[in-house]
Amino acid sequence: MTPMLAQVGLHHYLILAAMLFVCGLATMMLKRNAIGILMGVELILNAANVNLVAFNRFRFAVDAGGTGGLRLDGQVFAIFVIILAAAEAAVALAIFLSFYNNFTTIDVERGTQLKG
Amino acid sequence: MPLPALLLLISTLLPLAAFGVLLFAGKRLGNPLAGMVGTAFIAGSFACAITGMIFWLSGGTGPMAGAAEWGAGKGPIVLPISWLPTGGGIAQDHPGYLDVGLYVDSLTVAMFSMITLVALVVHLFSIGYMAHDRNFHRFFTYLSLFCFSMLGLVIGGTLLQIFVFWELVGLCSYLLIGFWHEKRSAANAATKAFVVNRIGDFGFLIGMGILFYHLGNVSLPHLHALLHTAGMGGAVALSDGTIFGSGLLTIMGVGLFMGAMGKSAQFPLHTWLPDAMEGPTPVSALIHAAPMVAAGVYLVGRIFPILTPDAKLFIAIIGCATLTIGALIALAQSDIKRVLAYSTISQLGYMMLALGVGSWVGGMFHLLTHAFFKSLLFLGAGSVIVAAGHEQEMVRFGGLWRKIPVTAVTFGIAVLAIAGTPFFSGFYSKEMILRDAGAFSVLAVDLSHGRGLGYWLFFILPTGVAYLTAFYMMRCWMLTFWGKPRDLKLYAHARESAVMYVPLVLLAVLSIIGGKFLGIEDLLNWSMRESGQYCTQLIQKEARPIGGGGERGEMKFAGYSTAWPAQLPGEEESLGDDELVVRERTPSQRAQIEGHHLVERFAYWAFAVGLGLAAAIYWKGYAVADWLMRIPPAHWVRNWLYRGMYFDELYQIVWVDGVILGGAAICRWIDRWVVDGTVNGASTVVRVISSLAGWIDRHLVDGAVNGTGELAHGVGAAMRSAQSGRIRLYVMVLLAAVALGLAGAVMVALSG
Amino acid sequence: MESWWFGALGIAPTLLMRVIYSLLLIAVVFLPLVSVIAMFSIWWERKVAGHMQSRLGPNRVGPIGILQSIADGVKLILKEDLVPRSADSWLFRLAPYLAFAPVFAAFLALPFGPEFTFEPRLSAGLFWVLAILSVEVMGVILAGWASNNKWSLFGAMREAGQMVSYEIPLGIAILVGVMSAGTLNLVELGYIQGGGLHTWLIFQNPFTFLAFFCYFIASLASNKRAPFDLPESESELVAGFHTEYSGLRFSFFFFAEYAAMFIVGGIQAALFLGGWNDPFGLIGYYHHKWTADPNGVHATGLIALNAIAAAVFVLKALGIMFVQMWLRWTLPRPRIDQVLYVCIKVLLPLACVILLGGALWELFVPRRPGLPWVDYSPWRFGDYGQHHAMGTLVTQLVLSLVGVGLFVSLLGWVVFAAISGRNIKRRLTDPAPIVM
Amino acid sequence: MMIQLLAQTTPQPPDAGASAVLFYLFAILAGASALGVVLSRNIVRTAVFLLFTLTAVAGLYFLLDAEFLAAVQLVVYAGGTLVLIIFGVMLTSKSPGIRYEPKIGEVAVAIGVSVVSAVALVMAIVRQFPANSASVERHPTIADLGQTLLGDYLIPFELISVLLLVVMIGAAYLAKARRREGRP
């Protein structure tokens with residue numbers, strides 16, 4: 001193993017997060033199932049979370065002014081993102097359910113009543 | 001937390017617990033049980049209050065003195081909590097915080113005992129009175145909430161807290177007056193009470209805003225410490241160098257007093273109280289006789305040290321007007337509860353007058369004694385009303401003493417007390433008020449070098465009203481209990497029940513002994529000393545405020561100290577015996593002795609005259625009174641008084657109709673001249689321009705417009721397809737744009 | 001654990017050694033431990049069920065049928081591995097592993113002894129166990145879904161609803177204990193409770209005492225144990241989510257269930273019942289004494305101590321499992337709506353009240369600071385007064401008495417039942433011995 | 001009550017080699033499952049791939065010294081949100097095999113966009129952030145996280161609790177909306 005590969009650093013995490021992000025994008029574009037799109041969103045949020053936590057670990061987690069406390073803003077934000085994702089999923093699923101009730105399908109291509 | 005404060009806090013929270021229990025379980029508890037639960041809680045509250053008082057006394061300087069720092073005559077218990085950071089303010093040990101907290105002194109303790117006792121009695125009475133009501137549990141729920149808010153108001157250590165509970169009390173009052181909201185009149189009365197009180201509260205907010213703006217903190221000890229020289233008149237210089245002008249101080253005082261005016265039904269805002277008699281009678285006893293309307297007086301008592309002489313004069317004038325108007329109207333009422341309502345207004349006027357003329361102890365003393373006998377009167381009236389099958393017109397009563405003797409006797413005791421019969425509680429407090437009013441008049445007339453003869457009114461009116469009070473109260477008793485029964489059917493069914501008259505007896509005893517034997521006066525005197533001492537400590541600890549003993553204040557009342565606590569009650573004790581008059585005295589002490597003489601000369605026999613006259617006239621029911629009414633002006637006067645001096649009609653015309661008519665007139669004017677004029681003028685201009693433009697349009701523009709229209713149509717048709725409603729297309733376009741942007745940014749970053 | 005062993009051996013671990021060590025640990029200790037515990041539990045459940053129903057239970061394979069589970073296992077391995085034709089075969093094959101793996105992973109955090117823990121580094125060990133157990137539900141849901149059978153789907157959806165709901169009171173009940181202990185680390189929890197019966201968290205204050213029961217009920221439901229075994233209720237759903245499973249895959253679900261029971265019981269023991277500590281605090285005392293010795297570590301003594309501690313811990317967990325079994329064969333099964341009603345409208349408010357009460361208690365009632373044995377001697381009651389902790393002490397003692405009374409009466413009941421049941425069984429089985 | 005009692009049992013953070021091995025394990029799992037999410041055509045399988053991704057990300061959090069976050073990820077995401085999503089799938093798909101295929105043009109666009117963003121991101125990362133691995137002296141504990149969460153971030157924390165409540169009510173209301181007439 002080269003030192004570059006053996007020394008896992010910020011880079012590695014960021015690239016992985018970028019991959020997750022791109023997969024999320026692709027999922028959003030490719031799925032016709034509304035819930036699939038939701039999963040794409042979840043992937044993107046996870047990518048963001050990995051970024052947050054990695055930055056926190058490698059760039060930020062130093063002793064804050066010698067007070068003994070660590071700055072954990074990245075982790076806190078990640079927690080908030082997770083909570084928001086849960087909230088978002090709940091609302092989105094509720095919307096999908098009523099979509100399903102109205103159109104008897106979950107294919108988002110059918111919900112085009114608002115077209116110009 | 002010191003023990004009395006803890007006990008009083010528990011005492012405050014118990015009704016809240018009762019409220020919670022009844023709110024959620026009241027319906028399930030059912031008819032008598034809900035009431036009993038409420039009563040049990042308030043009984044606990046009462047026990048706590050009494051225990052608190054015992055501990056309080058045992059901590060004090062009195063016969064039960066202990067080693068505590070607090071206690072009667074020693075110092076108040078002040079427990080502030082810094083609540084909201086506000087970033088400014090004077091008070092140095094709480095920089096920039098809005099405080100909440102507890103403030104316990106002798107007045108608090110006395111008020112607690114009074115409120116919980118009256119509340120307990122009213123609760124007991126209500127179990128009987130409301131026994132057949134459909135919303136029995138709801139009634140007790142409201143009562144509990146009311147007790148909580150009232151006790152919270154009294155124990156509150158800051159104006160803010162007082163205001164919060166003040167509003168809560170107002171809400172309870174609204175709920176309870178409108179308790180029988182199916183009755184239109186009750187609903188209207190509740191709304192009226194609410195609205196009228198809001199007018200007063202507006203003033204309260206203004207006053208509080210002024211205080212808050214200048215001091216940054218509205219807790220009572222700080223107000224007392226920083227502004228205690230306001231009573232001298234003149235401006236107050238605060239420790240940070242700003243000057244709190246006397247005019248502003250007066251506005252502040254009057255503003256706060258306006259709150260009290262609303263709540264205590266003072267002269268221009270008094271009209272809600274008689275209407276509030278639409279509520280159940282125990283409510284009248286609890287709210288509109290003792291605790292709630294007294295809240296206004298209590299508030300003025302609490303802010304007393306920071307009132308300027310001008311503000312006090314205003315209070316005295318309002319009080320004087322109120323007591324006169326209330327008594328006069330009460331003379332002519334025929335509804336037993338309305339008589340009591342107007343008498344309450346009148347008595348509250350007495351208290352306000354007392355505070356206005358600087359008799360702090362007198363006002364508070366009357367507040368407490370009045371609470372006993374007035375709630376007794378109301379509960380007695382309730383007993384009568386129940387006995388009479390919910391009939392309130394005295395025209396149909398008469399001779400009821402044979403049927404309901406206990407009520408008659410206790411009611412009679414209350415009448416004697418309110419009339420100021422010696423050895424009854426009302427005597428002592430009223431005597432003190434009249435004495436101080438007399439002293440005030442003497443002093444004011446002296447200081448104005450004989451020009452201010454109008455100041456005599458501050459003595460003449462209350463004295464005259466003392467006669468009137470005895471008269472109309474006795475009239476009420478005679479018409480209700482004496483003579484021949486005027487409605488035989490009603491008379492036949494009348495009876496009283498134990499659950500209702502036991503409270504009456506209890507209150508009657510208190511009405512008798514409350515004046516001299518309960519030591520209320522001592523407590524109040526101590527209360528002044530406690531605040532004074534605490535203030536002194538606070539002043540020494542903080543940067544002292546520089547008292548500006550302004551010239552205007554000295555000119556008016558310099559000698560007679562309206563600035564509390566400059567004169568401590570302990571130093572007063574040497575005063576009293578006439579032999580000592582020769583010694584050097586301040587003008588105020590001399591005036592007080594003179595006031596005492598005035599009272600002895602003019603007011604001592606008021607009760608006998610009033611009672612006797614009423615007894616003579618109404619011995620045989622309405623016979624003599626009817627004969628008197630035949631004299632021409634008497635009839636009109638009676639009608640005028642009967643309708644409450646047409647205040648309601650006046651307000652209807654001035655405020656309600658006035659606003660409607662005035663608004664309509666203004667609207668019409670604006671419509672005709674401003675709007676129409678603008679429109680007409682504009683149209684003329686437009687007509688001229690348009691004829692010009694028409695030509696251009698027809699010849700030049702049309703071609704361009706048509707061309708543009710075609711273009712827009714084409715573009716719109718092309719763009720429309722983009723809004724397909726297909727969400728994934730949107731997503732794709734969005735993400736493609738993001739990707740392009742990202743790529744572009746990276747390219748720029750890498751090349752640059 | 002590993003660092004201690006390496007330290008005791010006096011060598012610095014290299015990467016390769018650590019990898020080998022880890023593999024060895026998993027192969028030699030971990031897998032057998034999980035399997036033995038699960039198989040023992042399965043046998044035990046059948047035995048308990050038998051005794052409760054006046055039967056003998058397994059009694060043919062080995063002494064008192066102790067090898068029955070192994071026999072069953074062999075049988076299940078040998079059975080044909082069926083995948084229904086209309087099932088989603090990939091998911092169908094995946095689901096059992098998904099159900100079993102988290103349970104297996106959760107064993108990592110269990111504190112068997114002061115040094116006998118697989119991963120003492122987990123500062124959020126308790127939460128970690130909860131988290132990883134919550135993944136187990138995915139296996140069940142997927143099994144139900146992939147079977148393409150409506151009974152299975154019903155079971156899966158019930159499991160999803162039930163599990164997600166009951167996780168909330170479960171978490172809150174754990175939170176009460178955690179609040180009292182001030183740590184999420186399972187090993188630290190053991191140290192804190194090392195001072196004997198009255199330092200156990202269940203007896204810490206009335207609210208942890210209530211939280212114990214709250215946790216127990218919620219753990220029953222999240223483990224889909226009776227009376228909350230709606231996802232697999234055989235009278236309605238054939239066998240619920242595992243209707244279509246057979247052979248080895250079925251046995252994975254079975255394993256997972258019993259291992260999860262042990263974990264839930266173990267967590268309960270670790271959090272509330274003092275973990276590996278005995279009621280008198282002797283283990284804690286000797287552990288402190290031997291590790292604090294400046295002359296080096298008593299290696300032999302510590303190994304023995306850890307073995308005893310592990311035995312105590314396993315005993316406690318098995319005791320709780322016994323109550324779970326007892327309840328299964330005692331209580332009837334409610335409907336699914338009743339189960340959810342109990343959670344949302346009864347258990348959850350109750351848990352919230354307990355949480356609030358526990359928080360207030362922590363705020364207002366001072367306790368004896370420090371660790372038992374390290375900072376003070378837990379049985380010297382006079383010390384508590386100096387720290388204004390008399391209130392806590394009295395509460396602890398009273399609750400301990402209540403707890404011991406409860407335990408003794410339950411034990412007496414069980415013993416009585418076992419003794420009187422034996423007679424009945426003899427009478428039942430006497431006339432005709434079973435012929436295979 | 002924070003007690004430093006694990007002085008002897010708290011080992012040093014795992015050495016670089018072990019954590020590198022673990023990182024690649026989790027990273028490959030996450031990446032492969034994410035690809036699975038994109039490529040899988042069965043929505044339930046998509047969800048299962050998502051589960052693996054989430055679990056792997058939780059493992060990465062472990063390596064990043066964020067074990068509380070890892071547990072949160074497992075509880076909330078894998079145990080909560082994903083269950084919810086699968087619930088949604090079960091309630092909305094008429095039969096498990098039903099598939100909605102994207103058009104070929106869309107696939108082309110998607111591939112283009114993905115590749116462009118991936119390349120741009122990777123280039124940006126490689127250029128912008130040097131591959132340092134700053135070692136941290138102290139392992140952050142839950143106490144640190146708690147201090148941050150309930151100290152500096154108290155108000156966002158409270159707000160997000162309110163948000164959760166609102167979402168709960170809103171979602172319940174939305175999902176409860178009456179069905180169309182004539183449909184079950």
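## Second largest pocket

In this predicted model, the second largest pocket holds about 1700 Å³ of space. A pocket is an open set of points on a 1 Å grid over the protein atoms alone, with protein on both sides within 12 Å along at least five of seven lines, and lining residues have an atom within 4 Å of a point. A volume is the space filled by probe spheres set on the points, which are joined across faces, edges and corners.

Of its 47 lining residues, C:Gly319, C:Phe322, C:Val323, C:Phe407 and C:Leu410 are the closest to the centre. H15(C) gives the most to this lining, with 16 residues; helices are DSSP runs (H or I, at least four residues), numbered from the N terminus.

## Second largest cavity

About 130 Å³ lies in the second largest cavity. Its lining comprises 15 residues, with C:Leu130, C:Leu133, C:Leu170, C:Ser222 and C:Val264 nearest the centre. H5(C) gives the most to this lining, with six residues.

## Conventions

Residues are numbered from 1 along each chain as its sequence is written, and chains are lettered from A and ligands numbered from 1 in the order in which they are written. Local features need pLDDT of at least 70, side-chain atom pairs count only at pLDDT 80 or more, and totals for chains, interfaces and linings use all residues, while side-chain values use heavy atoms, leaving out hydrogens and water.

Definitions and conventions. On a 1 Å grid over the protein atoms alone, a cavity is a set of points where a 1.4 Å probe fits but cannot get out, and a pocket is an open set with protein on both sides within 12 Å along at least five of seven lines; lining residues have an atom within 4 Å of a point. Helices (H or I, at least four residues) and strands (E, at least two) are DSSP runs, numbered from the N terminus.
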